[in-house]
Amino acid sequence: MASSTIDIRNQESPDGRFYAFTRIVVGLVALGATGRYAIKATTYEDTGFEPWHAGAMLVWALLAVAVVLGWRARLAAVGAMLTGAVMVTTGAEFFNNNHMYLATVCMGLVAFSDCERSYAIRPRAGLPDVWPRWMMRIQLSVVYGYAGLQKVNSEFLSGDALDAYMSMAIGPLAPAAHALSGTALVQPMAYSVVMVELAMALLVWSKRTRTVAFAVALPLHIAMLLVAYNGIELYGIVLFAILTFTLLSAWVDVAPGARLVVWDDTCSFCKRFAGALQRVDAWSSLRWQGSSTPAAYAGTGITPETASEAIQLVEPDGRVRSGFDAVTGILAVLPGGFLIAPWLALPPVARLGEKAYRRVAARRTCAIEDEAPQARAA
């Protein structure tokens, strides 16, 4: 009698690489949080630090390392989630910070995802499922929605709280913060922050407006540096932004191999360029075909002439993008690239980018000595 046991290692996991990438980023942010608290405990006074906090931080850090390395990562993430919950509830005076709360929640989301199948020193297959991705999407809306709603009060909307923080700002945006502090622009800025954060909670849910959310995310989090009034807060804002961008990436369409990239594999410059892009394709959302392979032209609408002129990208709907437009489309499905791609697609930027691309393409060195590489599997 044949065994009815299903080998889940052989099942496809369309979100496996995304979950693995998320696992690594969340683990690294957790380690960053440990460093932040260590600095806080040793540098600042009256922080509420107690001896047991050091032990909790050590456990949290060790579990975070296991998560990053992919060694019993799901179990380690469960442990980190529980440890983090203890830290933020019983040691709130010391551990109280938005990025710590979010890191604890993200550990829980990682724990129940298929995050060990890829990029792990001990790969293990979990049950492929998309619900953790949806939970990440919901969590993102909760983060932005709550951030906006908690600011709907007279103290913040009057601009007083924002002005106080900006007057004490440090870091790269401190000169701008000091220049804005005390001006008539502060109160409109306060209202704008609330409206943008509430809008972000909603924009991601519509395919038509999602690109706007991607475009707004980076400048919004950079603007948060205006209120960093000491080094610890500056550090925390950066960690919070990384976690938020990771959750935001759950909205990026990264179906494995759903997009085809055709590049001129007779050109040494193109080989280096395509190779660099392939190395950062952590989600394997792109299929790469050299122009010398028949598969590059089978039903794609691409010709050898167009492939030799510029890099080509075939979208899932069959639309072909060329040159700088193709590069923009490729960036849109790379980790972090989705934050930049909307800005590159703006008509003025796109025109300048296409001119620069054509100029570089005209001057490229096309001599190649080694054999054209084989097409990369999805």
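**Salt bridges and a nonpolar surface patch**

The side chains of Asp15 and Arg133 are joined by a polar contact of 2.6 Å; such a contact is a pair of N or O atoms within 3.5 Å, where, within protein, one must be able to donate a hydrogen and the other to accept it, and residues adjacent in sequence count only if both atoms are side-chain atoms. The model is predicted, so local features need pLDDT of at least 70 and side-chain atom pairs count only at pLDDT 80 or more, while totals for chains, interfaces and linings use all residues. Residues are numbered from 1 along each chain as its sequence is written, and side-chain values use heavy atoms, with hydrogens and water left out.

The pair Arg133 and Asp15 also meets in a salt bridge (2.6 Å, N to O), a term for a side-chain nitrogen of Lys or Arg within 4 Å of a carboxyl oxygen of Asp or Glu. This bridge links distant parts of the chain, 118 residues apart: Arg133 lies in helix 6 (residues 131-149) and Asp15 in the segment before helix 1. Helices here are DSSP runs (H or I, at least four residues), numbered from the N terminus. Asp15 counts as buried because its relative accessibility is 8%; buried means under 20% relative accessible area, exposed over 50%, and partly exposed in between (1.4 Å probe, protein chains only). Leaving aside residues up to four places away in sequence, Asp15 touches Asp129, Val130 and Arg133, contact meaning heavy atoms within 4.5 Å.

The whole structure holds eleven salt bridges. In one of them, the side chains of Arg74 and Glu116 meet at 2.9 Å, N to O. Here, too, distant parts of the chain are linked, with Arg74 in helix 3 (residues 73-90) and Glu116 in the loop between helix 5 (98-111) and helix 6, 42 residues apart. Both Arg74 and Glu116 are buried.

Asp325 and Arg321 form another salt bridge, their closest N and O atoms being 2.9 Å apart. Arg321 counts as buried because its relative accessibility is 11%, whereas Asp325 is partly exposed, at 33%. These two residues belong to a network of salt bridges that links Asp253, Arg259, Glu315, Arg321 and Asp325.

Turning to the surface, a nonpolar patch has about 910 Å² of accessible area together, and its members include Val130, Trp131, Trp134 and Trp205. Patches are made of residues with over 30% relative accessible area and no salt bridge; like charges are joined within 9 Å and nonpolar side chains (Val, Leu, Ile, Met, Phe, Trp, Tyr) within 5 Å. Accessible areas come from the Shrake-Rupley method with a 1.4 Å probe, and for residues only the protein chains shown count as cover. Trp205 sits in the loop between helix 10 (186-203) and helix 11 (207-223), and is partly exposed because its relative accessible area is 39%.

Terms used. Helices (H or I, at least four residues) and strands (E, at least two) are DSSP runs, numbered from the N terminus.
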